[in-house]
Amino acid sequence: MIEIKGLHKYFGELHVLKGIDLNVAKGEVLSVIGSSGSGKSTLLYCINGLESIQQGEVIVDGVSVHEKSTDINKLRQNLGMVFQQWNSFPHLTSLENVALAPRIVKGKSKSEALAIAEKQLRHVGLGDKLTNYPSALSGGQQQRLAIARALAMEPEYMLFDEATSALDPELVGEVLETMRMLAEEGMTMICVTHEMGFARDVSDRVAYFHQGIMEEIGPPEQIFGDAHSEHTRKFLANVR
Amino acid sequence: MDYNFHWRPVFKKLPDLLEAGLLTLEVAMLSMIIGIVIGLLLAISRMSGPKPLRIFATTWVELARNTPVLFQLFFFGFGLGAFGLHLSPYLIVLVGLSFNNAGYLAENFRGGFQAVPDTQLRAARSLGMTATQTYIRIIIPQVLRIVYHPMTNQMVWAVLMSSLGMLVGFRELSGETQFFASQTYRIFEYFAMTALIYYVIVKIVLGVSKLAARRLFRY
């Protein structure tokens, strides 16, 4: 379980997250929506410790993420992350991209790591691109490569930071399809997204962020059908 | 013009000249290897080291880039000699060229590091890699590709700059040539031959670099 308690985040003077309280249970799919600058991506970075926090606490399976004594590299193995810019490692083939972390972080043997990599690449439908370099892949394929890379660490949680926002429109579908598949397999997911269709169909809950505050959270039917907050209704009216 | 060319003495000494050419290549290559390692450390120090280290690295780069190479060699030769530290001619050239290479390469590396997006670091760290693993496995390989051609240029420079060695008594290619030329007075012939040898060495360096690039960077 991921527990976020009274989380405050500043970038210098800028107050980006203003007291977030949120629990995400095992197996849950949570979508986080809201306009740019509402702090939703920052929230993800605070969960896996890529950003520091100024107040409050983030606890993953009982371990406090920002505690000095926490082994953050160990913790991150359990928190897969997929970025808006897919960030495939350009100097490594697909197989090497995926096999690297299992080998050097988890200490698997080379053959073991390659077997894991091949399995995960097939899983996301890249079985025919094993020896290609990322430069030979489309944006959608590179993003699925990034998903396979995160999955190879066998994380219990996956964090998606606007995984489809930088893609050409015709490539969005294949990535969403992959995310949908993971959700159906029972993966715990937090998806910061602008894809309202995905948020509505796949999530167990949807959270709406507005200027650093979690304005509203609830099942998709309620958020999309009967939002309590004026801000949420306005946002949804604008994106549709 | 009544100058008579005499090439025979030059051809007689050709094996010695070629051997001296190998010495030139050796000192240039060693100074590059040392320069690359120190240059990387200097670049990282300048970007993210503590302040004293940053000042040290900046001073190094400024001195190496903005003073004549000849003076740098003189410093490691006569300069240190004045304080009682006497290096052999070989070491003077090796240390001097390494100092110079490191300074120039540090600036190239810094540009290379800045050209690798921050997001690569984030992606690697999010997989649980340590900062060191991220640098060694993800960042530096990409930097090396970006700086590969500037690095090749620096290697060519190192070969050519090593000719200054003759002014600190080092019998590399130029020093050897000077020695033979002064014995026989066939100054033009000797230096023409040596220029040709330098040219061939540089061409070999460029050719090997090109082949290596094809093997190293397949992406």
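Figure 1. Gly80(A) has Met158(A) as its bridge partner in E7(A). This is a predicted model, in which local features require pLDDT of at least 70 and side-chain atom pairs count only at pLDDT 80 or more, while totals for chains, interfaces and linings use all residues. Residues are numbered from 1 along each chain as its sequence is written, and chains are lettered from A and ligands numbered from 1 in the order in which they are written. Helices (H or I, at least four residues) and strands (E, at least two) are DSSP runs, numbered from the N terminus. E6(A) and E7(A) run parallel and are joined by four bridges; two strands pair if DSSP finds at least two bridges between them. Leu79(A) and Met81(A) point one way from E6(A), Gly80(A) and Val82(A) point the other way, and all are buried. A residue is buried if 20 or more other C-beta atoms lie within 10 Å of its own, exposed if 12 or fewer, and partly exposed in between, with C-beta atoms placed from the backbone. In a regular strand the side chains alternate between the two faces of the sheet.

Figure 2. Two residues are in contact if their C-beta atoms, placed from the backbone, lie within 7 Å.

**Figure 3. Strands E9 and E10 of chain A and the loop between them.** Strand E9 (residues 205-210) of chain A runs antiparallel to E10(A), and five bridges join the two. Phe209(A) has Met214(A) as its bridge partner in E10(A). The loop between E9 and E10 of chain A contains Gln211(A). This residue is not a glycine, yet Gln211(A) has a positive phi of about 45 degrees. Most residues other than glycine have a negative phi. Gln211(A) is partly exposed, with 14 other C-beta atoms within 10 Å.

**Figure 4. The four-stranded sheet of chain A.** This open sheet has the order E2-E1-E4-E5, and its pairing is antiparallel. Strand E2 (14-24) and E5 of chain A stand at the edges, each with a single partner strand, so one side of each is left without a neighbour in the sheet. Eight bridges join strand E1 (residues 2-11) of chain A to E2(A), and Lys9(A) stands opposite Leu17(A) in E2(A). Asp61(A) lies in the loop between strand E4 (55-60) and strand E5 (63-64) of chain A. The phi of Asp61(A) is near 50 degrees, a positive value in a residue other than glycine. Asp61(A) counts as partly exposed because it has 13 C-beta neighbours inside 10 Å.

**Figure 5. Two nonpolar cores.** A nonpolar core is a set of buried Ala, Val, Leu, Ile, Met, Phe, Trp, Tyr and Cys residues joined through C-beta atoms within 7 Å. The largest has 75 residues, and those with the most contacts inside it are Val32(A), Ile47(A), Val82(A), Ala148(A), Leu159(A) and Phe160(A). Helix H5 (residues 139-151) of chain A gives the most to this core, with six residues. Not counting residues up to four places away in sequence, Ala148(A) touches Val98(A), Gln120(A), Leu121(A), His123(A), Val124(A) and Leu126(A).

**Figure 6. Chain B and its contact with chain A.** Chain B has ten helices and zero strands. Of its 219 residues, 36% count as buried. The contact takes 17 residues from chain B and 21 residues from chain A. Helix H6 (118-126) and helix H7 (131-146) of chain B each supply at least two residues of the side that touches chain A. The predictor gives the complex an ipTM of 0.91 and a pTM of 0.83.
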